[in-house]
Structure formats: structure tokens, C-alpha cells
Amino acid sequence: MPLSADFHAIAGRVNNWGRWGAADEIGTLNLITGEAVRAAAAGVRTGRRVPLALPLRADGVQAGLIPGRVNPLHTMVQINQEIFGPDTVATSDDAVTMGLQAGTHWDALPHVSHSGRLYNGRPAATITAHGGAGFSGIDKVPYVVGRGVLLDVAAAKGVARLPGDHAVTPEDLDEAAEFGRVQVRPGDVVLVRTGQVQVYLAGDKHGYGHPSPGLSVRTPEWFHAHDVAAVANDTLTFEIFPPEIEGLWLPVHALDLVEMGMLQGQNWNLEKLSTACGEEGRYAFFLAAMPEPFTGATGTPVAPVAVL
């Protein structure tokens, strides 16, 4: 169905076009200031490190829903080859073919468009077959390091995993913040846990993707009001799937990426982080989640690490 008047009304309320100038290509990452990073680093107490990425593997999370988004195909191109002659040091090399959004990843701002436009009002036609994204490609992202906050919606509700038809609302985010006794600050990277990744970890990739809990179309206004720098969660589609409004596909993507200019991430494994935050009794941490800088790419693999 066409984008509704309600969608365009929300878009108008969260729009950041021009907020950091007409030439801006990184959107809400401008909110991760040097002061915010220093404060985040000062919050490290134990040095406990928690990896948040799923392994990149041939039987990964992709099940064919999106054409061309293939799981990693790993090939050895050299195996113990003495390339400088007999009895010299031997090397082994690898090659991989994969969809850049196949596993744990960031969506770059031009990953989606609507009404012919990308973030900051640029034409969607600036994405080309040979050049990729002419503006705001993932290579333009200078950093994603700073304060991370886990909003553990599932734990706040006393369940291991939200049901597949649960649309995470602003009220759910407030409840999770209260549960974790944490305040979301400007420039934070917010991680929203639904528990859905457990389905994939148990071996059911089809059940992982559909039906899936995820963010409601109401949440972008919450992120905008809190000046969040980026958001990621533990689902395949980020927003609830199938959509909460029948026929309205990927509205949260459009509001986050196009209107706000806010990176969003999917397929993050937040299970160990949930355990660690519960054991440590705190839900804020230092987060390092640098994207791989593929020139012109609309997304990229990421191997995030939380440090408590």
C-alpha cells in the first residue's frame, strides 16, 4: 500500500534533513561527540568484554527472503603455498562472497529510500549499479564507538523471548530503561533485545525471520526525542514482521534511515550481553561497532564488542 498520511506526519516530526548542514552524510552519528566518547570510556569498570556478532557461515541467517542476500560462501584460494620458492614460509589465503547485510550488520543510510529520496533530501537515483551509493555510503561513517545501552525488553517483561506478533513500543522502551535503571542520553547507541535470535541459535532460520517481533512504527519518535545516535536489535528485519499495519512494508526503515539519518543494525546476538548486564547490574557500557568501509555500500558486516 502507498505510504499513508500518518506515516508522512511521523516523518515530518522526526526529520533531520539540514540539521547538520546540507552537505552532511552521517546523520545522527554527529551526536557521538568527543565528550560523549570520553564519558563512555570512563564508565568501563571491570573490562568484561562481550562479543555481539553471529558467526559468518554458509548456513547463516539468510533463508532466501531477499534475492541476492546470500550467506557467506567461503573459499580457500591458497593452502600452505610456498609462493617465494621451496622451503620458504608458506601462506594460506581465503576469499568470500556474501551479501553485505547477510549476518550481523549495519544498514547504511541509503539502504532504503521513499518518495524518490534518501537522507538529507538527496535523490534515490544517486545509487547506481557500478558506483553504489553516491552519498552516505557506509564508507562515509567515521566511527561507531561510544556509550551503548541495552534495552532488554524481553527481560523487562519477564520472558526469554517476545512473541512473534509483538511490536516493540515506546512504552516498552521506557519499561526496559526502568528495568535496567538506565537513562538514554544523546549520542547513545541503543540495543533492543527481543530474544528472537534464540530461534536462529536453536537451528530454525525460517522461524527466526517470520513471524518476528520488532520495532513499532511508533518508535522512531522515541529515538528522535532521545537523540539516539544508532539502534540495533536481535532480529532479521529490525521492525516487526509481518508489519503491524497490513501492507505497509518497512516503514521503520524509512523513518530511521531516510528521515532521521540514523544507522540501524540487525542480527545482533544480544543473549550474552543480557546475561552480563544482569550479572553486573548495569545496562550501559562502552560499545565498539565499527563498520567495514566498503566504498559506496548500503550496508556492511560488523563485529561489535561491548565492554563493561
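The side chains of D188 and R147 are joined by a polar contact of 2.5 Å. A polar contact here is a pair of N or O atoms within 3.5 Å; within protein, one must be able to donate a hydrogen and the other to accept it, and residues adjacent in sequence count only if both atoms are side-chain atoms. Before going on, two notes on the source. This is a predicted model, in which local features need pLDDT of at least 70 and side-chain atom pairs count only at pLDDT 80 or more, while totals for chains, interfaces and linings use all residues. Residues are numbered from 1 along each chain as its sequence is written, and side-chain values use heavy atoms, with hydrogens and water left out.

Where does D188 sit? D188 belongs to the loop between helix 4 (170-179) and strand 9 (189-193). Helices (H or I, at least four residues) and strands (E, at least two) are DSSP runs, numbered from the N terminus. Is D188 buried or exposed? D188 is buried, at a relative accessible area of 2%. The cut-offs are under 20% relative accessible area for buried, over 50% for exposed, and partly exposed in between, with a 1.4 Å probe and protein chains only. If neighbours within four places in sequence are left aside, the contacts of D188 are R147, V149, Q183, D227, V228, A229 and A230. Contact means heavy atoms within 4.5 Å.

D227, one of those contacts, also takes part in a salt bridge: its side chain meets that of R19 at 3.1 Å, N to O. The two ends are 208 residues apart, with R19 in the loop between helix 1 and helix 2 (34-42), and D227 in the loop between helix 7 and strand 11 (230-233). R19 counts as partly exposed, at 38% relative accessibility. The rule for a salt bridge is a side-chain nitrogen of Lys or Arg within 4 Å of a carboxyl oxygen of Asp or Glu. By that rule there are 12 salt bridges.

K157 is in the loop between helix 3 (153-156) and strand 8 (167-168), E175 is in helix 4, and they are 18 residues apart. Both count as partly exposed, K157 at 33% relative accessibility and E175 at 32%.

A further salt bridge joins E271 and R193, with the closest N and O atoms 2.9 Å apart. E271 lies in helix 9 (residues 271-280) and R193 in strand 9, so this pair ties together parts 78 residues apart in sequence. Both residues are buried: E271 has a relative accessible area of 18%, and R193 has 5%.

What else is buried in helix 9? Besides E271, the buried residues there are L273, S274, A276 and C277. Their cover includes strand 7 (145-152), strand 9 and helix 5 (197-201). After helix 9 comes G281, with a positive phi near 75°.

Now helix 8, residues 251-260.

The largest one has 66 residues, and W106, L151, L191, F223, W268 and L273 have the most contacts inside it. Helix 8 gives the largest share of this core, 6 residues. A second, separate core has 7 residues, among them L54, V197, Y200 and L236.

Last, the whole protein. It has 9 helices and 15 strands. The radius of gyration is 20 Å, close to the 19 Å that the globule rule gives for 308 residues, so the protein is as compact as a globular protein of that length. That radius is taken over C-alpha atoms, and the globule rule is 2.2 Å times the number of residues to the power 0.38. Of the 308 residues, 52% count as buried. Among contacts between residues at least 6 apart in sequence, 77% join residues at least 24 apart.

How values were computed
Core = buried A, V, L, I, M, F, W, Y, C linked by side-chain atoms within 4.5 Å.
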